[in-house]
Amino acid sequence: MPEGGIGASVKRKEDFRFLTGRGAYTDDEVRAGQLHAHMLRSPHGHAALGSVDTSKAEAAPGVVCVLTGPDADADGLGGLPCGWGITSKDGTPMVEPKWPVIAQGKVRYVGEIVATVIAETAEQAADAAELVEVDYRPLDAAAVTETAHRDGAAQIHEEAPNNLCFDWDFPGEEAAEAVDAAFEAAAHTARLELVNQRIIPHSMEPRAAVAEYDKGEEKLTLYCTAQAAHAMRLLLGAFVLNQPEHKFRVVAPDVGGGFGSKVAPYAEYAIICWASRKLERPVRWLGQRTECFVTDAHGRDHVTEVELALDAEGKFTGLRVNTVANMGAYLSAFAPLIPTFLYATLFAGQYTTPAISCNVKAVFTNTSPVDALRGAGRPEATYLLERVIDEAARATGIDPVEIRKRNFIAADAFPYQTPVALLYDSGSYERALDIALEKSDWNGFAARRSASEADGKLRGIGIAAPIEATGAAPSAIAGQLGARAGLYESAQVRFNATGTVTVFAGTHNHGQGHETTFAQLVTDKLGVPLENVEVVEGDTDRAVMGMGTYGSRSLSVGGSAIDRAMDKIIDKGKKIASHLLEASVDDIEFDSGTFTVSGTDRTISIGEVAFAAYVPHNYPLEELEPGLDEQAFFDPVNFNFPFASYVCEVEVDPETGSVSVERFTAVDDVGNIVNPMIVEGQVHGGLAHGIGQALMEGAVFDENGQPLTGSLMDYTLPRADTVPSFDLDHTVTPCPMNPLGAKGVGEIGAIGAPPAVVNAVVDALRSHGVNHIDMPVTSESVWQALQSAKAS
Amino acid sequence: MTSTVSMTVNGKQVSAECEGRTLLVQYLREKLALTGTHVGCDTSQCGACVVHVDGISVKSCTMLAHQAEGCDVVTIEGLADGDTLHPMQEAFRENHALQCGFCTPGMVMSAIDMVNRHDTLDEKTVRHQLEGNLCRCTGYHNIVKAILAAHPVMKGTA
Ligand code: FES
Ligand code: FES
């Protein structure tokens, strides 16, 4: 067996190209005769849009054309589509206003495109954009999540009274009654009002796109920063551009991080495709960072009231959640899914709470559209749950560890049906927590706290026990819940005649290491050396089909599709081997790259079988086609459920309010692990993302919808000196829902870190009378909390 | 208005016509097709564009191409010797200090300069020195590890 199979921390195949400047990102694609697009954007949060006079800009040097909303209409462009429908509690479908690619009649958020200038150089396009005369009449705005649906708020879309997109109850009336009963009978209750603030994705590579239309072939090619090339093709082609799927190629080359923000089809991509088709020249667009700040789909933005009922022993008996979720000005592709089925279905967490109900009001506001961002709904769910549990621990006087242990779903209770629709696959929650407590030296905390106190500092420790539903699929369930797409994954495994293997996968690698991990699957199962395997992703003309990478689905769904395709390769290989070895196919065994006639020493390697398949001189041509190239789709029967236990320890300076994360221990269980090095890297990144949300990140808009955090000057990202090193460990509880036993790992850190950090901060401040503090927990907010606690 | 700007890049004499407002990073990417140097922001804060100018790390988005006239510039493309990686590149690979690779060129260039400037390095110094380089993928953990691992190799004390 060659080295580098499942379980090996092999170094990444893709690293050489990235480390030597050979990565090929979208903006590195250069086309002969290319034009440059510049987007002129609304400076207003809400304004009536009068005339857009482009005459001066059109006459400027180098300008080829200026496109406006009416031009898009005249050319029959559709609006940007939404991929998920939600039904309100009164049975009506969600309000889904048209999202034009270029504004018409009104602008509804700062950054909305009002015109596009296409010129010979990027500088000429930008210069000419300043000559476009736009007639705006500013309107009152509704930019605040909490109040946007109240009477008197400015109305953003004609079809959405009170700016309500949907008003959703889950799981339903019966559950709400059960929760009411639990609260009536409760021995204790805990209640929190909390904000899960809006954050900006900020992948380090700005969004970018290059479109090229070949009139001779009537074929459109779009290179863009996408996580899901096939979905991008479908959504843009069918809904916006009316470009037939077979005449539309989308390529997502190397992509510099996504975190969910590169899934949705964006207006800029549609516009440059349209322009390229119109002008028959390649057209490119590169997002400036300040543009990305307001136009990359944002994440989170919930205002929530959560209540937990407990019996006298501290067992959770009921959970009630009321949330207002901000959708932004328009519905981005998966926006409605996030505060609903990716959110409320996770309210059981790792616990046995029998009765759960919630109401979610989704509102439109004059702010940037919101969509999936690392965790998408699950961080919001985990945050409220793990925070209210700590509040319950305080109210009941039960230790935060003990109260969690009393309520954990037991390791022998799986599969476990929660009251919020999901059937958990496998788990061993107490074990993970015990390891985290041990590794974090939980018992030694009191001494460390004393040491901090002697130094004039406050010290706190906090736990979070996140769970996640990953592996977005299964299609049938997703369809019932409102998905407008399938959620399988596909793969093709092709032996080349000389014995090397090419894997074509429908997922996309934008940092996750698929080129290595997927190759390891092939090495492990087919015995082909790692260096002889190539993984191709992100090109609709090469990979057969795919749903892309998001929701931590690539290995468990996409990897499983590869595994299935390899099963087919082995099946066919056995038939070929039986011919070559002159034995019955039932007697052929396959292991580590070698076919053997069972009970004999007659063998043939898979490389020789592949050669015979492509040079079929001695081959059963009457019964079998030549070639060794198989394709599979995998659509799992359920999500999978990774889980973790995190312990965070912080030190707070009461004089300045500054918080530093002193220790962070993470014990994750993501099922079977293919490459431990890559898995740890995913956890590190997620934790830093979550610590960023907990302590520093936050998108702020004023009441007119003006972004106040529109650049890196005002929006704080985690830096090397604001996050700690992490202490990691893991347990392995295989997933029974896919052949690899794998669960997702890309998001769990970002899901679990925020409550762990905030629980630690509140623990530090508790002695000063502070029982809750909203994110981001900045030195200012801590200082304020301490002052107001002192005053009361 | 364009004029010719000449400099040495990765050991080669180069010249190209460019506007007065052309940034060094644009010169490298657009005129020389050295696309390894990245642009991650427009406020000089991300560090994706770091190159060495006369041996010192510089954010190439904060410098006009004209200002580099006659200078000796090294980019990420100029570090490896054929298939042999520079010790810092090797340490990044060994320690999984990159994921999407977008911040990586700037990180590596900054890290080399950091090692050049420090006889000794500890975690705290590395983290502090990396303040000008953003990474959204790795959580910095493995980048810090990689730099600490490369230091003795580069100093010949390994
Ligand atoms: S491009 Fe961000 S600092 Fe230069
Ligand atoms: S590796 Fe992706 S930003 Fe650093």
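This is a predicted model: local features need pLDDT of at least 70, side-chain atom pairs count only at pLDDT 80 or more; totals for chains, interfaces and linings use all residues.
Visitor: Which residues of strand β3 in chain B point the same way as each other, and are they buried or exposed?
Guide: In a regular strand, side chains alternate between the two faces of the sheet. Strand β3 of chain B covers residues 50-53, and all of these are buried. One way point Val50(B) and His52(B), and the other way Val51(B) and Val53(B).

Visitor: Which residues stand opposite His52(B) in β4(B) and in β5(B)?
Guide: β3(B) runs antiparallel to β4(B), residues 56-59, and four bridges join them. With β5(B), residues 72-74, β3(B) also pairs in the antiparallel sense, over two bridges. Opposite His52(B) stand Ser57(B) in β4(B) and Val74(B) in β5(B).

Visitor: Which residue takes a positive phi in the hairpin of β3(B) and β4(B)?
Guide: Two residues lie between the strands of this hairpin. The positive phi, near 50°, belongs to Asp54(B).

Visitor: How many aromatic pairs are there over all chains, and what is the angle between the planes of Trp99(A) and Tyr330(A)?
Guide: Over all chains the count is 21 aromatic pairs. Trp99(A) and Tyr330(A) form one that is stacked, at 5.3 Å centre to centre. Planes count as stacked when they are under 30 degrees apart. For Trp99(A) and Tyr330(A) the angle is 5°.

Visitor: Why does the pair of Trp99(A) and Tyr330(A) tie together separate parts of chain A, and how many residues apart are they in sequence?
Guide: Both Trp99(A) and Tyr330(A) are buried. Trp99(A) lies in the loop between α3 and β4 of chain A, while Tyr330(A) lies in the loop between β14 and β15 of chain A. The pair therefore ties together parts whose separation in sequence is 231 residues.

Visitor: What are the relative accessible areas of Trp168(A) and Phe170(A)?
Guide: Trp168(A) and Phe170(A) form a stacked aromatic pair, 5.0 Å centre to centre with 5° between the planes. Buried means under 20% relative accessible area. Trp168(A) is therefore buried at 4%, and Phe170(A) is buried at 10%.

Visitor: Which residues form one aromatic cluster with Phe316(A)?
Guide: The cluster lies in chain A and includes Phe316(A). The residues that form it with Phe316(A) are Tyr351(A), Phe408(A), Phe414(A), Tyr429(A) and Phe643(A).

Visitor: Which rings lie under Arg207(A) and the charged end of Arg320(A)?
Guide: Arg207(A) is placed over a ring face at 3.6 Å from the ring centre. For the charged end of Arg320(A), the distance to the ring centre is 4.4 Å. The rings are those of Tyr266(A) for Arg207(A) and Phe183(A) for Arg320(A).

Note on methods. Residues are numbered from 1 along each chain as its sequence is written. Chains are lettered from A and ligands numbered from 1 in the order in which they are written. Side-chain values use heavy atoms; hydrogens and water are left out. Buried means under 20% relative accessible area, exposed over 50%, partly exposed in between (1.4 Å probe, protein chains only). Two strands pair if DSSP finds at least two bridges between them. Rings of Phe, Tyr and Trp (its six-membered ring) pair if their centres lie within 6.5 Å; planes under 30 degrees apart count as stacked, over 60 as edge-to-face and the rest as tilted. A charge sits over a ring if NZ of Lys or CZ of Arg is within 6 Å of the ring centre and within 35 degrees of the ring normal.
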